[in-house]
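This note collects several points on the fold and packing for colleagues who have the coordinates at hand. Comments on the individual points are welcome.

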Amino acid sequence: MNQSNISNALKDAGLEILTCLQCGTCSGSCPSGRYTGMVTRKIIRKARVGEDILRDPDLWMCTTCYTCQERCPREIKIADAILTIRTIAVHEGIMLPAHRRVSELVIEHGHAVPINDAVKEKRKKLGMETLPETVHKYPEALADVQTLLKSCGFDKLAGSEI
Amino acid sequence: MKKLSLFLGCITPNRYPGIEKATKLCLERLEIDCSDLPGASCCPAPGVFRSFDKATWLALASRNIVLSEEMERDLLTICNGCYGSLVDANNELKNDPALKKSTNAHLEKIGKKFKGTVDVRHIVELLYDEPGPERIKEAVVKPLDLRVALHYGCHLVKPSKERELGSAEDPTFFDELVEATGAESVDYPDKMACCGAGGGVRSALLDKSLEILEHKLSRIRDADVDCIVNACPFCHLQFDGGQAEIREKHGVLYDIPVLHYSQLLGLAFGFSPEELGIDLNLVTNQDFLEKLKKLAEG
């Protein structure tokens, strides 16, 4: 996507960032920024002026805690905007390897965190059924989830065709 | 109260089954009608899937909601992440006819249809609403003489305009539920700060995620508490598994036990730590387990 179109794409999603004052309340409130070097204010500035934001590693350091969004004096939906910029990046083929692996787990198991043998033992110890009442227990339900993922083209997006 | 279905998500049944069992035991004790929700999947995880593709997020979330619609039950979550993902998806689909139509086009392929007939609930806001802290207090059989560091977690209260649960900076409803068990909810600096797990940060940038966690753990250690209480299995995993990872990577031992609210409530209802899976955490502090044993005998 053309960089200058990012703020338009955000606007289409109901996320106006042009009113940002660059006051820095967001960065000052960010629990991630203290340790990761992520500067929320700069993400918004870059997205606004059309600098290359899609390949900016800061984009993936947001824990989505929403504190910036809560405190923004302009009531800009900052966390939602970061999520939407991520969406644009992913559709440009930019995805961290670990996130690709999480995607593959959901495509294969219907769970981002599937069960393992150690937890099956814990379930037994608690007197519970080994498999929970989820897609793990019902293959036809997993097939439905996979049909939906394919219908949305998610398998292709995550680079792992069903 | 409308009847409920229990949405398990991923981490509860597949990593911390004690939370699943504790929840069922507590709901039964409170005579809340809550059934299983067979065939549910990942909510899907909001930090990553919502980032990747909105259509996919809504398709998977709506399928989970539709399973509950078909049972004519509100969907109960016991995880802030699942709650955030499903309550937001439910609201967007209820309020945006075009989005509902495009999502139903996907659901049609598996013979399902989103109608918008049920609500998504979180166990903490549900219990606060009904039966409420006073009636929970009446149901307690073993008042807990414990000092608790409460962790609300982000997506229970934020974004506050969507959640409508009051202040996100200084909420009190969850503290009231904790204190209904007899425990003291101890104030500590950065109580409302993030645990560092969300947004795909834990999965992709573990070291950074643990630095965010360690800041919070150091605050909690200084507060001299018996345990951490949360209402989100992902925060639970971050606090419990994260302490083990910090011990391994940095050689720092915190050794602070971590309980989901259902497990805390279960103790106050007289269930044993073993019945509630509290001994199945990665951090198993023997002093704490001994203390619980004494509380149970007392």
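1. The model is predicted. In chain B, strand β5 (residues 147-150) and strand β7 (residues 227-230) run parallel to one another and are joined by three bridges. Within this pairing, Leu150(B) faces Val229(B) of β7(B).

2. The two strands belong to an open, four-stranded sheet of chain B, in which the order is β6-β5-β7-β8 and the pairing is parallel. The edge positions are taken by β6 (184-185) and β8 (258-260) of chain B; each has a single partner strand, so one side of each has no neighbour in the sheet.

3. Helix α15 (residues 261-268) of chain B is placed across β5, β7 and β8 of chain B, and makes an angle of about 85° with β8(B).

4. Just beyond α13(B), Asp224(B) adopts a positive phi of about 55°.

5. Which residues of α13(B) are buried? They are Ser209(B), Leu210(B), Ile212(B), Leu213(B), Glu214(B), His215(B), Lys216(B), Leu217(B), Ser218(B) and Ile220(B). The elements covering these residues include β5, α12 (201-204), β7 and α14 (233-250) of chain B, together with α3 (33-36) of chain A.

6. Over all chains, seven aromatic pairs are counted. In one of them, Phe174(B) and Tyr261(B) have ring centres 5.6 Å apart and ring planes at 75°; planes over 60 degrees apart count as edge-to-face, so this pair is assigned to that class. Phe174(B) lies in helix α11 (residues 173-179) of chain B and Tyr261(B) in helix α15 of chain B, so the pair ties together parts that are 87 residues apart in sequence.

7. Chain A is divided into domain 1 (3-91) and domain 2 (97-158). The centres of these two domains of chain A, taken over C-alpha atoms, are separated by 31 Å.

Terms used: Residues are numbered from 1 along each chain as its sequence is written. Chains are lettered from A and ligands numbered from 1 in the order in which they are written. This is a predicted model: local features need pLDDT of at least 70, side-chain atom pairs count only at pLDDT 80 or more; totals for chains, interfaces and linings use all residues. Side-chain values use heavy atoms; hydrogens and water are left out. Domain bounds come from an automatic or database domain assignment. Two strands pair if DSSP finds at least two bridges between them. Contact means heavy atoms within 4.5 Å. Axes are lines fitted to C-alpha atoms, for helices over the stretch in contact, and angles run from 0 to 180 degrees between N-to-C directions. Buried means under 20% relative accessible area, exposed over 50%, partly exposed in between (1.4 Å probe, protein chains only). Rings of Phe, Tyr and Trp (its six-membered ring) pair if their centres lie within 6.5 Å; planes under 30 degrees apart count as stacked, over 60 as edge-to-face and the rest as tilted.
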